[in-house]
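Take a look at the structure, then read on.

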Amino acid sequence: MEHQGRHALVTGGGTGIGRAIALALAKAGAEVTITGRNGAALAAVAAEGPRLHPLEMDVTDEAAVRRGIAAAAAARGPIAICIANAGIAEGKPFAKLTLADWRRTMETNLDGVFLTLQAALATLPKDGWGRMIAVSSIAGVRGLQGAVQYSASKHGVIGLIRALSEEYMGGPVTFNALCPGYVDTPIVTRNAAAIAAHTGRTPEEATQLLAKANRHRRLLEVDEIAGAALWLCSEAARSVNGQTIQIAGGQVS
Ligand code: NDP
């Protein structure tokens, strides 16, 4: 119960990696606000325990983020732990990428993390303990073919985290990025379906293709990412700051 009495916020907490982190934080005693656009998914996770609190909030909507996070803080206290996890993964060959494609990804994956972290930090007292974590990707540390906008957005998230760790240096808040390889979540299911549709492979073959892209040639499971997040939130990790934690079965960069 290391986090009893603390308020945590997890964007994209209704599914996949965010859901796993939210459940782990609640198990560790935190009151956890879970956000997303899909109210039904959030309600289903909230039904799993009394410390999980759903909040419909689109991370691309500045007013909604500022209003939503302020309301959550008013209800449950300052956001001591913030997991900026909401993201989308779309791919296209660079030559076919439109500005609208580019902006859609940046709005969610980069603007969304900026807005979330800024609004969460605004709830903390100046000397308040905090753990700010963004879910980047291996695409934040190396470029992924066919995913220019995704790679750029996830590199941007790491730049944001590193700069914040410098700006808040010496205080009780740390800033880190998690960089998973391919994880068994709805994003990978959707991407495997898209690959299957474009290549004539079966969805199972397409999933295997993604699994083999991980260094240990299997898909990660969400508890592996949640475990790293919980460690970053622990007292033991109090001097881990401005880091990119690769969880990909081996070295990526
Ligand atoms: P999911 O699709 O399950 O999770 C994405 C979450 O983001 C959803 O809960 C979704 O909620 C939320 N989301 C997306 N857009 C918005 C938005 N505009 N406003 C609010 N919430 C939004 O996949 P994952 O769990 O895999 O993805 C979580 C994060 O992990 C993402 O940032 C992804 O890039 C990253 N990641 C995933 C990897 C993987 O292989 N799975 C590998 C590396 C990184 P809702 O639909 O309710 O809005």
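Start with Asp58. An N or O atom in the Asp58 side chain is 2.9 Å from a nitrogen atom of the ligand. Val59 takes part through its backbone: a polar backbone atom of Val59 is 2.9 Å from a ligand nitrogen. Tyr150 uses its side chain. One of its polar side-chain atoms lies 2.7 Å from an oxygen atom of the ligand.

How much of the ligand does the protein bury? On its own, the ligand exposes 870 Å². The protein buries 94% of that area. Keep in mind that this is a predicted model.

## The shell around the ligand

The ligand is surrounded by 30 residues. The closest are Thr15, Arg37, Tyr150, Val183 and Thr185.

What kinds of residues make up the shell? It holds 13 nonpolar residues, 13 polar residues and four charged ones.

## The chain as a whole

The chain has eight helices and seven strands. Its C-alpha trace spans about 55 × 40 × 35 Å along the principal axes.

How does the radius of gyration compare with that of a compact globule? For 253 residues, a compact globule would have a value near 18 Å. The chain has 17 Å, which agrees. Of the 253 residues, 51% count as buried.

## A look at Ile138

Ile138 sits in a loop. This loop runs between strand E5 (130–135) and helix H5.

Is Ile138 buried or exposed? Its relative accessible area is 6%. Buried means under 20%, so Ile138 counts as buried.

Now compare Ile138 with Ala72. The two are 66 residues apart in sequence. In space, their C-alpha atoms are 31 Å apart.

Technical notes. Residues are numbered from 1 along each chain as its sequence is written. This is a predicted model: local features need pLDDT of at least 70, side-chain atom pairs count only at pLDDT 80 or more; totals for chains, interfaces and linings use all residues. Side-chain values use heavy atoms; hydrogens and water are left out. A residue is near a molecule or strand if one of its heavy atoms lies within 4 Å of it. A polar contact is a pair of N or O atoms within 3.5 Å; within protein, one must be able to donate a hydrogen and the other to accept it, and residues adjacent in sequence count only if both atoms are side-chain atoms. Accessible areas come from the Shrake-Rupley method with a 1.4 Å probe; for residues, only the protein chains shown count as cover. Ala, Val, Leu, Ile, Met, Phe, Trp, Tyr, Cys and Pro count as nonpolar, Asp, Glu, Lys and Arg as charged, and the others, Gly among them, as polar. Helices (H or I, at least four residues) and strands (E, at least two) are DSSP runs, numbered from the N terminus. The radius of gyration is taken over C-alpha atoms; the globule rule is 2.2 Å times the number of residues to the power 0.38. Buried means under 20% relative accessible area, exposed over 50%, partly exposed in between (1.4 Å probe, protein chains only).
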